[in-house]
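Subject: Structure for you to look through

Dear colleague,

I am handing over a structure that I have been reading through, and below it you will find what came out of that reading. Please keep the picture open beside the text while you go through it.

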Amino acid sequence: MTFDLIKNKLDVLDCDAFELTETVTRGYEFYFIRHNLDQNRYTEIKSYTVNIYKKTKDDNGEYLGKASAELYPTYSEEDVDKVLSDLLFQATLIKNPVFSLNDKPLEEVSRINPSDLKELSRAFIEMTNEVTETENKDMNSYEIFVKDIEKHFINSNGVEYIRNYPACVFEYVVNARKDGHEVELYRIGDYGSCKKAELKKEIEDTLQFAEDRLVALPTPKLTDIPVVLSTDVQVEIYNYFKEHMNAQYKVMNISDWELNKPICDAFEGDRVTLEAVKYLPDSSYNFDVDTEGAFINDRFLLKDGVPQAFYGSKQFSDYLEIENSSNVYNVIVTGGSKSEDELKQGDYLEIVEFSDFQVSAIGGDIAGEIRLGYLHKDGKTTIVTGGSVSGNMVDAAKKMEFSKEQTQYNNFKIPSITKLYGTTITGVAE
Amino acid sequence: MKATFSTYLDSLIPSLKDLLAELSKSFDYVSILSTDSPGFRVSISNNQKAVAGKNMTTERGTVIRVYKDKLYSEVALSEIDVNNVKGEAERIKSILDNQFDLLKETSSKVYETEILKDEPLTLFKEKETEELPEAADLEALTEKFDILCKEGMKTIPGALNVIVTGISTHISKVFLSKNRDLRQSYVYTEGSIAAYARNEAGETKIYHEGVSGCGGPEIFEGLSDVVKKAGKVVSDLLSSEHITPGEYEIITSPEVTGLIAHEAFGHGVEMDMFVKERALGAQYINKRVGSDLVTMHEGALTDESVTAYVFDDEGVLAGDTIEIEKGILKTGICDSLSALRLNTNPTGNGKRESFSHKVYTRMTNTTFDSGKDTLEDMIASVKKGYLLEGMQSGMEDPKHWGIQCIISRGHEIIDGALTGKVVSPVVMTGYVPDLLGNISMASKDREVFGNGACGKGHKEWVKVADGGPYLKTIARLG
């Protein structure tokens, strides 16, 4: 089965609109235990996603229904006919308000430049071999995933693009040990390339964190002390702001933010400015158009804590009557009013490792178990572990501060440290 | 009726056997897993509806595992040219040679592993279901979900949206090696009600509960009961307060009990973590890790849930492993390659996210055994504490036996009675042996829940189920 065969069938199908995407993913995978190869893998996966749209009417009005399916390259022509026929019926069962598909012709967005899987893999493997390890701290294990993803999209309005892009995942675990006691720390990240020096430094910093965890004391009971975040968990914080500007969240009544109205009644700290950008160096999400064929334009979603533009799929953007919208992949959060040094004054708890730090994009609840923190109190620094931090972004957004300096975690360029006030810290010390 | 085995796989198997024979000329061990699993996902909310012929477990493809020079390698392909099996074998060898070259160029050493035993076995199993996802009446289903959604919007206080979701997949898999020909087909289904509601203070609360099991879309019938009790739960959430952090007596509902089973000792005894020396459990075999009331099972045979397969993704028959017996840690669970490295037997827990993903040791059904107490007696025994209900998420920490569970709500208990006060959300943390060691009561009843998905670290999502009885213990809440 081929892209053209499906497209030809869609062209004559009695639907009101369609979208067809062919995705081919080729991947190299290497799994290491203590620098010894556990397993190597190759993947080559092709699939087709078809969306069929059909209009219906009843006494309450007109609707546009969408039904989707994944078609496999091993499907027979009869299989394809059956799926498309089923989708055509299923679309009539779905009664959503009418919207339209993207219809602006795309130019110069067909780019085929396959990633060199072998060379990308080589960079990751060589980088791991260059990490400075000692008898007391080393890499336990790591997994390298290097992919080249090729997409060919077309819709019934003639919008078409072909593109491919690299997508890498690097997961690693480090150990530190002392006097028969061993601890570990876990990290995973997405990358558009392998910047060897930066990644090597990140691993070595993590090794140092692990060594510090060996001598950590139980987190004491703490009240009214700000929390400083300085690692990739900050992305969870800023993703809350991004998702609240998602048109789908607005339509689904999850986001109650409104354009040109501050997100808080009274700000006491820094106000978030969040810009969506098409291109961010080294991101694995650098696309000219989104998955539905809409041009991605640089634009502010939030400026000084005031919503400027919701974003999202064509469907939800139409519902909110947003012009020139698209999905958003890369974001930049503008730096705050103070420097890192200024924010690290006075008493605070810097948490660099959680079991799993979560910020509910819907309700804003913050939760995470503390695996490693640095308690700065009364002029002394104590390394702590255990206990948890909890709170809610609705309160935190009013007072939070963030640094002038910025750092980048794949598709999020954000302040290098974020300081939260009013969160609850549950200590474990007696 | 039977969940009939895929006709596509039936037609593919002869070519797969030819490919296996061809690759066996160049490798010391070859196995092939091929899947064909159609299904659907229907989602109906107050203002958005969707139907799709795909969900997280639908797939079709083949993964080939080969072994040579003490190293296992895999190639996962969505299509194999059945008319040119020799050519496909050459292509697979060429792809792997390219990787072997890179490994040589980077001076990478191999974690040497022995060859799998490949003991002879033939099996064909089609499990029972009342209905197949492929034959589901989606028109009736969308209408039913629409009614449930409207009922939820009407009865749930402060409802911003109610989302009714149904997922059903008909899984067919064949595992082939030189001495094995295993084929299975079964259906699993899960449905859920999610509600978002906001109180006057502007706090948004989330409710999520569902039904699931090894069976077809008939399982969605249970959603009617779920939506009926959503109103009371959301009302509690909207009027909830923040908990005062501290250590409390707690009673865990079966759902929270399941979360503890999963996070505390489920991940902690996945023996691929033993290979990496990432799990403290390896040092505690035959040692006490819980009170006498703690007996924990793990295995696809333990419950007819969403993960009740007949054989795992490495062609090992499903099991029912007793991990903890009366507080003593007996054994872990193990995939085939980890078993070779640890000189033990695999337990039927080698699972892949999909055919294109690597096998890891993964959980299936993880459950605590029941006890002899009643919930009423358990509440009456609490001086000051909480009855915890509704799971949101959890995180494992096998190396240090920490536990993190985010729980929807806690009902305050003072002097043996529920006060009516509710706290939400609740972050439960602690040291696993303390948590299990303090279990002092367990109820007679037991429930298993299969609406969640489990990751290994932060990836490799697979279906799992867990549960148990009400348990009374002590934990730190914040």
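Chain A is divided into domain 1 (3-212) and domain 2 (217-426), with bounds that come from an automatic or database domain assignment. Before going further, please note that this is a predicted model, in which local features need pLDDT of at least 70 and side-chain atom pairs count only at pLDDT 80 or more, while totals for chains, interfaces and linings use all residues. Residues are numbered from 1 along each chain as its sequence is written, and chains are lettered from A and ligands numbered from 1 in the order in which they are written.

The C-alpha centres of the two domains of chain A lie 24 Å apart, and 27 residues of domain 1 are in contact with 21 residues of domain 2, where contact means that the C-beta atoms of two residues, placed from the backbone, lie within 7 Å. On the side of domain 1 that touches domain 2, the largest share, six residues, comes from β6(A). By class, that side of domain 1 has 15 nonpolar, six polar and six charged residues; here Ala, Val, Leu, Ile, Met, Phe, Trp, Tyr, Cys and Pro count as nonpolar, Asp, Glu, Lys and Arg as charged, and the others, Gly among them, as polar.

In chain A as a whole there are nine helices and 23 strands, which are DSSP runs numbered from the N terminus (helices are H or I with at least four residues, strands E with at least two). Of the 430 residues of chain A, 51% count as buried, a word used when 20 or more other C-beta atoms lie within 10 Å of a residue's own, whereas 12 or fewer make it exposed and anything in between partly exposed, with C-beta atoms placed from the backbone.

Six strands of chain A form an open sheet with mixed pairing, in the order β12-β11-β10-β13-β21-β20, and two strands are said to pair if DSSP finds at least two bridges between them. Because β12 (306-307) and β20 (406-409) of chain A stand at the edges with a single partner strand each, one side of each is left without a neighbour in the sheet. The strands β20(A) and β21(A) (residues 412-415) pair in the antiparallel sense over four bridges, and within this pair Gln408(A) stands opposite Lys413(A).

In the loop between β20 and β21 of chain A you will find Asn410(A), which has a positive phi of about 50° although it is not a glycine, and which counts as buried with 21 C-beta neighbours inside 10 Å. A positive phi, near 55°, is also found in Glu321(A), again a residue other than glycine. Glu321(A) lies in the loop between α7 (314-319) and β13 of chain A, and it is exposed, with 7 other C-beta atoms within 10 Å.

What is there between the two chains? In total, 64 residues of chain A are in contact with 66 residues of chain B, and strand β2 (residues 36-58) of chain A gives the most to the side of chain A that touches chain B, with 12 residues. β2(A) pairs with strand β6 (residues 109-110) of chain B in the parallel sense over two bridges, with Val110(B) as the bridge partner of Leu37(A).

With best wishes
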